[in-house]
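Let us walk through this structure together, one group of contacts at a time. Please keep the sequence and the 3D view open as you read.

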Amino acid sequence: MELPVADPGPVRAEGLLLQCPYCDSEAMHKLAQFLLPGLAAVCIDCTTGDLFRKPSVVAVDMRKEMVDYVTQRSETFISDSLIESEASQDQENEMPEDPFEIVSIFMDDFSSTKRNIIGHVSGWLMSDSREDKIDDFVQEMEMARFWPLERREVIAEVLLKNVDLKTKYHCPEKYENEERLADHKAQCSFRPVTCPNDGCRAKVSVRCMQDHDSACLFKILTCEQNCEKRLLRRDMDRHCVTVCPMRPMKCPFGCDSSFPERNLEQHCSEFLQAHLHKLLKAIHKKGFTDEGLKDHALLLEKHDNDGKLAKSRDVRSLTNVVKNLEAKIKDDSS
């Protein structure tokens with residue numbers, strides 16, 4: 001059983017005015033994401049310790065009751081807040097203005113009315129076991145598409161408009177006829193638009209598009225390390241760490257140099273003698289003075305007709321080339 005989806009057309013406000021139906025789509029999406037974990041918590045808390053009922057058995061009824069409860073609370077929120085503020089000067093007990101906090105309070109209040117004896121135990125409420133069961137049931141409902149996001153967004157839109165006191169997340173404009181409302185909707189900063197980045201299906205309010213674009217995983221960007229590659233933002237980190245020719249690397253022969261990987265060949269060629277001196281010092285721990293090692297390195301390079309020394313890219317390959325050259329020099333001199 002699914003809850004009916006209402007048509008979010010123009011709302012006839014007080015005084016027969018038509019209200020703009022648009023709201024912040026990202027805020028609505030965020031609020032919709034709160035609802036499923038909230039429902040899961042209610043279902044887990046009211047069935048914990050019950051051998052005859054599972055969360056999935058009560059989910060349909062709990063969903064309807066929760067939606068009815070939070071919707072009713074949201075509808076009277078503004079008037080209730082005004083009455084409370086006039087009757088009490090206690091700043092600490094004032095209801096927050098953040099819509100997400102307000103709806104979370106509504107859901108917590110509803111959940112508290114459904115907890116059984118075990119559910120009221122403070123140790124259970126704070127336990128990792130409870131959180132794990134809630135997470136598992138959320139995944140179960142998502143896989144079964146029990147309460148799809150698009151249906152939760154219908155509810156979230158209503159809640160958002162009802163509790164958004166400062167109209168930060170929805171358009172407050174009202175008009176006396178459809179024509180003026182239509183003119184406004186064509187320019188409303190809350191009107192939803194589809195992200196222009198290929199592959200992204202997000203619908204975002206015009207006023208939030210810049211923020212979305214700055215984080216959209218499907219936006220094509222130039223490599224952060226300034227190679228010629230252009231790629232999706234979602235692939236940037238993997239590219240920079242694994243295949244980017246400009247990713248920084250340290251010299252494989254242990255000198256203090258650091259450079260882009262694409263410059264490894266140039267570095268190995270320019271610092272060949274320094275690398276050879278360091279390697280020969282490790283191979284021939286005795287029998288060579290420092291000057292002797294330098295002369296021996298020059299001798300090796302002189303006999304390296306194929307340029308294999310400069311082509312070596314790590315200690316192991318350079319060691320093999322050095323030993324082969326030393327054996328060749330020894331044979332030639334005997």
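**Charges, rings and a surface patch**

Arg 130 and Asp 45 are both buried, where buried means under 20% relative accessible area, exposed means over 50%, and partly exposed lies in between (1.4 Å probe, protein chains only). These two residues form a salt bridge whose closest N and O atoms are 2.8 Å apart; the term stands for a side-chain nitrogen of Lys or Arg within 4 Å of a carboxyl oxygen of Asp or Glu. Because Arg 130 lies in helix α6 and Asp 45 in helix α1, the pair ties together parts that are 85 residues apart in sequence. Helices here are DSSP runs of H or I with at least four residues, strands are runs of E with at least two, and both are numbered from the N terminus.

Before going further, a word on the model: it is predicted, so local features need pLDDT of at least 70 and side-chain atom pairs count only at pLDDT 80 or more, while totals for chains, interfaces and linings use all residues. Residues are numbered from 1 along each chain as its sequence is written, and side-chain values use heavy atoms, with hydrogens and water left out.

How many salt bridges does the structure hold? There are 14 salt bridges. One of them joins Arg 262 to Glu 228, with the closest N and O atoms 3.5 Å apart. This pair links distant parts of the chain, 34 residues apart: Arg 262 sits in the loop between β9 (258-260) and α11 (264-270), and Glu 228 in the loop between β6 (220-222) and β7 (230-232). Arg 262 is partly exposed at 43% relative accessibility, and Glu 228 is exposed at 61%.

Another salt bridge connects Arg 247 with Glu 261, the closest N and O atoms being 2.9 Å apart. Arg 247 lies in the loop between α10 (236-242) and β8 (248-250) and Glu 261 in the loop between β9 and α11, so this pair ties together parts that are 14 residues apart in sequence. Arg 247 counts as buried because its relative accessibility is 19%, whereas Glu 261, at 29%, counts as partly exposed. Elsewhere, salt bridges that share partners join Asp 45, Arg 115, Arg 130 and Glu 131 into one network.

Now turn to the rings. The structure holds four aromatic pairs, counted when ring centres of Phe, Tyr and Trp (its six-membered ring) lie within 6.5 Å; planes under 30 degrees apart are stacked, over 60 edge-to-face and the rest tilted. Phe 34 and Phe 100 make an edge-to-face pair, 5.9 Å centre to centre with 65° between the planes. Phe 34 belongs to helix α1 (residues 25-47) and Phe 100 to helix α4 (residues 99-114), so the pair ties together parts that are 66 residues apart in sequence. Phe 34 is partly exposed at 26% relative accessibility, while Phe 100 is buried, with a relative accessible area of 6%.

Phe 77 and Phe 106 are also edge-to-face, at 6.2 Å centre to centre and 70° between the planes. Phe 77 in helix α3 (residues 77-87) and Phe 106 in helix α4 are 29 residues apart. Phe 77 is buried at 3% relative accessibility, and Phe 106 is buried with a relative accessible area of 1%. Phe 34, Phe 100 and Tyr 169 form one aromatic cluster.
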